[in-house]
Each structure stands twice: as C-alpha cells, then as structure tokens.
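Have the structure open as you read along.

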Amino acid sequence: MMEHSRGDLNVEGEGECEEMEREPTSRAHLRDNGYNNSRYTGAVRQKAYIFDGEGNYYDKEWDLTEGRGKEFCWYHVELPKWNQRLSQSAQYLIDVLCPPMKLQDILSLVSNGPFCGHVDGALVFRVNSPGPASSKFTFRISARITENSVITVSLGRVPRLGFSPANQSLLSEVPIVESPSSGNGEMKERGGTVIREHVLDFLLMMNHSEEADNPVPKSVSNLIVHIIDTHVDHLQDIVTKLEIELDAMELEIDKGSFALKKQLLDDRRFPKMHLDLQRLLQVIAHGEQVFPRVKEKCSSKGWFASDDINSLEELIGRLRRLKENVGFITNRVTAIQAGLDSWQSEQINKKLYYLSFLSIIFLPLSVVTGVFGMNVGGVPWTNQTEPELKEGFRNVMLLCVALLLLVLLCFLFPALYSHVTAWKRRRDMKRSWSLNRRSFLRRSTGIRERNDRGGYLRLY
C-alpha cells in the first residue's frame, strides 16, 4: 500500500480551522474510520471521506463537518444486517450522528417507506423497505444532502459503494482458466491471472465489476448519482441471482425428478420466492416514487450539474426496466408453481384411481354379503341343512364374479367406446383416401390417353 497522509479538518470553538498538508491519494485503498466515543463501535461501520473536487479523495476523521469551496465531505453509516427493531437502528444513528444532527434528521433517515423532501434546510431522501433486517430482500438507503456534504445510511454493505485503486480491476487482467491437469509452473509460463471457478460464478451473477467503472466524484451531484447507481446495481444483482437460481430449478424440474418436485412442494420454495419477489417489487416501487422527485428537486439547485440530471433520468429508466424484468420472473415463478400443483394433483388422482379400482373389486362382495345377510325369510341358498342347496356357496361366488364383470364393463365402457370410434374413423379415412386415389389415377390415365391421341382437355 502506498504511503499517504490524511487531512483533518478540526472545527474550533471560535470557528478557526487548521488544515494539515496532504498529498493526493486517489490510488490509496479505503479504510474504515471508527468513532471512538461510540457505544456501538463493533456493530456500526462508519466511513468518512473528503474530496477536493479534482478527482482525489482522502480519509478523514468522523467530525460531520462540511467542506469549503470545491471540497465536499461524505459520511457513510452502515447499519448491521441482523434482526433488530427500528428503534434500535435509530439508537445507532443517534449515537454516531448526534450532535450536530437533531432528532428530526435521524427520524427522516431511519423511518420506513419512501420519502423525499427538505428537512432543516437539507435535502433528504430515503428508500427504506419494511421487513426483517436480516432478509436479503430488505433494502434501506437514505441520504441527507447539502451543498458541501452528504450523509448516507445503508442497511448492510452495498457493493461498489466505495472507490477502488485506479487500473487495478480484475476485469482489466488477462485471465487464465484454472485446470486440474495443469500445474502452477505451466500457468506461470503462460502468464496472466488465474480465475477460479467460484470467482467466475460470482462475476456472472453481477452486471458490474466490484471495482471497475467507479470514478471518484468531482462534485456533490456526481456523488449522489454514484449512490443511486450503486443502489440500482444492488437490486440488479439480486434479480440476476434469482434468474440464475430459477433457471437451475427449471432444468432440474424438466429432468422429472420425483424427489426434487416433492421436496420443492414440501418446502414451499416457490411461494416463498413469490413473496420475496413482491418485497423486491415494493423496493423498486419506492425507488420509482423517490428518485424522480430527487431529480426534480436537484434540478433547481445551482450546484447540481445538468449531466448528472441526465444520469438520474437514465437510472430511473433502468429502475423501470428492472421492475418489468421482476414482473416477468414473477410470472415464471407462478407458472412453475402451477405446473407443480398440476403434477401433485395428477399424483393424487392416480392414487385415487387405484383406490377406486380396488373398491370396485370388493363392491360386488359387499352387495352380495349385504343381501344374504338380511334376517328375513325366503333368501335363497341360506338353508344349509337341505342337501339340494349344498352348492349355495359356489352359486354366490359365481354371482359375485358376474357382478364384478358387469361393473368392470361399465367402468371400461368409455375407453372401449373411444377406441372403437377411433378405429371406425381411421377405417373411413382409409376408404376415402383409397377412393380419391382411384379417381385421381383414372383422371390421370384419361388425360394421358387424350394427349397421346392429340386431343384436348375439356374444361367444365
């Protein structure tokens, strides 16, 4: 890591400011800055940077001061992503942002739901979705913007939110696919960077590189566009992972695995995925409500660049297309669940068919036993003492068999009728085809004879 110095801006009681000399460190790695007086140092992550407006940034202390002139500051708070009450998140922010921020500023940043407006002279927007904080489909991003400072709060880590060293992205390297047969010596001779399989899987799930295409902002408007861009990229990553997971499930289901289908139904996998997609749609809908209002309010600011207004418009368009894509995925999940429900109904119908067939076998026996079990006189073959009625049991069995055959005939009659009808239809079609073929051959022979005699063909 290259050596660099930090510039600390300390505000004194009389407003005097002492600035240490610092050299540009845009190639320096990022480093988390903890607030020593915080009670939640291990739970809340804090980052503080100062930008000189010329493409360079520096680490700074967590003092929540604003920049001067072209300089502007960025303070980012990363809340822990575990199950917690909303009041606990508010306590985290009060601990790290107060003073100088007031309670209304804290509530505007941590509350649920979409919001965009001015609070205590600063522009505040938030896209905070309700739900358990530990869920990967719960997104919370909020920002408090002034002309020379930005304070952001996120739930968990947001990919690509930080800044990377220049020209050190993995995508700029010449890759070599890792092979079990080739040794380390052979890879070194070929040159390049070895890309492992799990790294490729991770990159395929993302529409961006973790560190590529991430220039250092030169103004507050650039920083706002960067924050919203990373939020949209984060949503896109989740959607891409869902698509890959859904494609793999469809491939396994198409193979016809009975155990897999039963497990998916028992685990209620697709209903849960459908619920997650609805939560994701809610987050995207919040962004559709908030970001156009952010663009409208920022367009009236003199310090907000017109190019960044166009960038915000492009991000809003991306968000709308992402909403359409999530709708398509929801329809796919619904169709797959309907297919599994149909398969389950088919399995139940097959079992019921076997039970019905078994009950048909025992139905004649039940009827006969019911008839001959009556305690009335005149029932035949019941007086076993008479020698001429000694064959009564055999007669009852024959009667049961006859009734069983009759019931089976009634049960199989629709199938037999359909087979007979199909056979008659095929026979009629063959006969019609034979007659048409004979007529065609007869007409062809007549035409050929007329042509041989030099005659003409009469038209009707």
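Predicted model: local features only at pLDDT ≥ 70, side-chain atom pairs only at ≥ 80, totals over all residues.

Lys262 is partly exposed, at 43% relative accessibility.

## The two sides of helix 6

Which residues of helix 6 are buried? Across residues 258-267, they are Lys261, Leu264 and Leu265. These three lie on the same side of helix 6, because they cover an arc of only 95 degrees around the axis. The face turned away from that buried side carries the exposed residues Ala259 and Asp266. Just after helix 6, Arg268 takes a positive phi of about 50 degrees.

The structure holds 13 salt bridges. One of them pairs Arg318 with Asp233, at 2.8 Å from N to O. Arg318 is in helix 8 (residues 306-372) and Asp233 in helix 5 (residues 220-254), so this pair ties together parts 85 residues apart in sequence. Asp233 is buried, with a relative accessible area of 5%, whereas Arg318 is partly exposed at 25%.

Lys323 forms a salt bridge with Glu288, with the closest N and O atoms 3.1 Å apart. This pair links helix 8 to helix 7 (residues 269-299), and so ties together parts that are 35 residues apart in sequence. Both partners are partly exposed, Lys323 at 34% and Glu288 at 23%. Elsewhere, salt bridges with shared partners join Asp229, Asp233 and Arg318 into one network.

Note on methods
Residues numbered from 1 in each chain as written. Heavy atoms only, no water. Buried < 20%, exposed > 50% of the residue type's maximum accessible area, 1.4 Å probe, protein only. Helix = DSSP H or I, 4+ residues; strand = E, 2+ residues; numbered from the N terminus. Arc of directions from axis to C-beta. Salt bridge = Lys/Arg side-chain N within 4 Å of Asp/Glu carboxyl O.
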